[in-house]
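I open this notebook to record what I looked up in the structure, entry by entry. The sequence and the coordinates come before my notes.

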Amino acid sequence: MTQLYDLIIVGGGPIGLACAIEAQKKNLNYLIIEKGAIVNSIFNYPLYMTFFSTAERLEIGNIPFNCLAPKPGRQEALEYYRNIHRYFDFNINLFEKVSEVHKQESQLFRITTDKGIYESKNVVIATGFYDIPIEMSVRGEELSKVRHYYKEAHEYAFRDVLVVGANNSSVDATLECWRKGANVTMVIRKNEINSRVKYWVKPDIENRIAEGSIKAYFESNITEIRGNEVEIETPNGKVVVKNDFVLALTGYKPDLSFLEKIGIQLSDDELKTPAYNTETMETNVEGLFLAGVVCGGLQTHKWFIENSRIHANMIVDYITSK
């Protein structure tokens, strides 16, 4: 027989874990289903990434995040969240992908995965936004030298690298590759480095561009990627640059088609904001909740760990009050 849960949490990132902590406190029978490793998105971050937030702002469950540096890096975050799991001993299924969440006539949710079927009175979607790259839709984007994710700089050393974008991930990759000996060119759609770039990094990239160590084409876009070169449309006309790799770090988006598939309404504008009650986090489907970054639709900068941890309390308090 299919086991019945009070709450199933789809996504084992920091906010999904925070929801599980609150569920434990209220003695709810819960299950986390995560398609990859625990805090899978953080695991897939660049190896040497440093968080914008300080350690205490990444804490969940009132468990201190001890960090020697002012701001933690990826490795320290992974260690912290592994220890969170050791402490709370979550009921969690890793490397199991949810394909369907269906509300039945019984008002129970039927959750189908690649490994089984579950039933639950309530469901939280806490799947983040790091799974689907925002593509450039240009000729040649399918070439193997085009990367939408960046891990570390070593393979790009002494090569001609073009980085697309001017956000934190683009700037970090540019500086790391340049410092490892790459010849780096940036293509930036706007006329400046993004204002949300980490404040201790922004002067570094601006100075490297100003001195000519890193070439940057502002108000520009890639028009075609070829085997050993890239064509760029600039305010002064088209230019062609020699190229070995393209790091298309143009951002990521939630799986909006999955949200629609399970019945969640999205706004009609370009932001595709999901419908939910801001006091309870319940969507237009009764008993189906959103938590974390996924709440912002395509506004992926709106929610992050430090300001969406409260979603866990809001959701579980509402479930237990009914």
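I began with a criterion: a charge sits over a ring if NZ of Lys or CZ of Arg is within 6 Å of the ring centre and within 35 degrees of the ring normal. I note that this is a predicted model, in which local features need pLDDT of at least 70 and side-chain atom pairs count only at pLDDT 80 or more, while totals for chains, interfaces and linings use all residues. Residues are numbered from 1 along each chain as its sequence is written, and side-chain values use heavy atoms, with hydrogens and water left out.

**Entry 1: charges over rings.** I looked up Lys71 and found its charged end over the ring of Phe52, 5.6 Å from the centre. I then looked up Lys151, whose charged end sits over the ring of Phe43 at 5.1 Å from the centre.

**Entry 2: aromatic pairs.** I describe a pair of aromatic rings by the distance of the centres and the angle of the planes. Rings of Phe, Tyr and Trp (its six-membered ring) pair if their centres lie within 6.5 Å; planes under 30 degrees apart count as stacked, over 60 as edge-to-face and the rest as tilted. I find 16 aromatic pairs in the structure. The ring centres of Phe52 and Tyr199 are 6.0 Å apart and the planes stand at 85°, so this pair is edge-to-face. Phe52 lies in the loop between α2 (40-43) and α3 (74-88), and Tyr199 in the loop between β10 and α5 (202-210), so the pair ties together parts that are 147 residues apart in sequence. Helices (H or I, at least four residues) and strands (E, at least two) are DSSP runs, numbered from the N terminus.

For accessibility I use these classes: buried is under 20% relative accessible area, exposed over 50%, and partly exposed in between (1.4 Å probe, protein chains only). Phe52 is partly exposed at 43%, and Tyr199 is exposed at 55%.

Tyr87 and Phe88 also form an edge-to-face pair, with 4.8 Å between centres and 80° between planes. Tyr87 is exposed at 60%, whereas Phe88 is buried at 14%. I also record a cluster in which ring pairs link Tyr45, Phe51, Tyr130, Tyr149 and Tyr252.

Entry 3: Two strands pair if DSSP finds at least two bridges between them. I read the order of the five-stranded open sheet as β8-β15-β9-β10-β11, with parallel pairing. β8 (146-147) and β11 (215-217) are at the edges with a single partner strand each, so one side of each has no neighbour in the sheet. Four bridges join β9 (residues 160-164) to β15 (residues 245-248), and Val163 has Leu247 as its bridge partner in β15. Helix α4 (residues 168-179) packs on the sheet and touches β9, β10 (183-187) and β15. The direction of α4 makes about 160° with that of β10; angles run from 0 to 180 degrees between N-to-C directions, and axes are lines fitted to C-alpha atoms, for helices over the stretch in contact (heavy atoms within 4.5 Å).

**Entry 4: the hairpin.** β4 (residues 98-103) and β5 (residues 109-113) run antiparallel and are joined by five bridges. Lys103 stands opposite Phe109 in β5. Five residues separate the two strands of this hairpin, and Gln107 in the turn has a positive phi of about 75°.

**Entry 5: His311.** I located His311 in helix α8 (residues 310-321). His311 is buried, at 1% relative accessibility. Leaving aside neighbours within four places in sequence, His311 is in contact with Met281, Ala291, Gly292, Cys295 and Trp303.
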